Amino acid sequence: VRFDNERAAESLRKINKISSGKKNLDSTLIEVAKRSDQYGTITYTARKDGKPCGSFVLPAIVEGSPTSIAFTTQFLIDALENGGDTLDYADGTSPCLITGAKGNTHILMPVRTSTPEPQPEPEHQEEYEEEMEEVEA
């Protein structure tokens, strides 16, 4: 996904300034929509305490099958301000390579936007494994 990184960074900074109070934004969800062979949009939704507090849409050049991905807002702003204008990622849980015209490269790990399945406590691990074997059989 390729987009105008300067406008994106500026808009995220404005949302952060307006809504931050004592605490900065915790994450930004990026949703990419493909409109034609090559063109589409990228929607940024800034979140604070897990709740949306501002969003904006920019035109984008899109290749592949886009999915949603979320990043820690400050890390995303830093990458965008350092020239990152292209996102290259496989899915919403894999690392994202952010590159740009300045030749800078950033690798960002996405943040989870959903709660992972609960895991059993270690003392109940054997019981859990036995139950799973019975279910699979």
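In helix α2 (residues 73–81), the buried residues are Thr-73, Leu-76, Ile-77, Ala-79 and Leu-80. Buried means under 20% relative accessible area, exposed over 50%, and partly exposed in between (1.4 Å probe, protein chains only). Seen down the α2 axis, these residues fall within an arc of 165°, so they line one face of the helix. The arc is that of the directions from the helix axis to the C-beta atoms. Gly-83 follows α2 and has a positive phi, near 100°.

The model is predicted: local features need pLDDT of at least 70, side-chain atom pairs count only at pLDDT 80 or more, and totals for chains, interfaces and linings use all residues. Residues are numbered from 1 along each chain as its sequence is written, and side-chain values use heavy atoms, without hydrogens and water.

The protein chain has three helices and eight strands. These are DSSP runs, numbered from the N terminus (helices H or I, at least four residues; strands E, at least two). Buried residues make up 34% of the 137 residues.

Three salt bridges were found in the whole structure. Each is a side-chain nitrogen of Lys or Arg within 4 Å of a carboxyl oxygen of Asp or Glu. Arg-2 pairs with Asp-85, with the closest N and O atoms 3.1 Å apart. Arg-2 lies in strand β1 and Asp-85 in strand β6, so the pair ties together parts 83 residues apart in sequence. Asp-85 is buried, at 8%, while Arg-2 is partly exposed, at 43%. Arg-13 and Glu-81 meet at 2.7 Å, N to O. This pair links helix α1 to helix α2, 68 residues apart.
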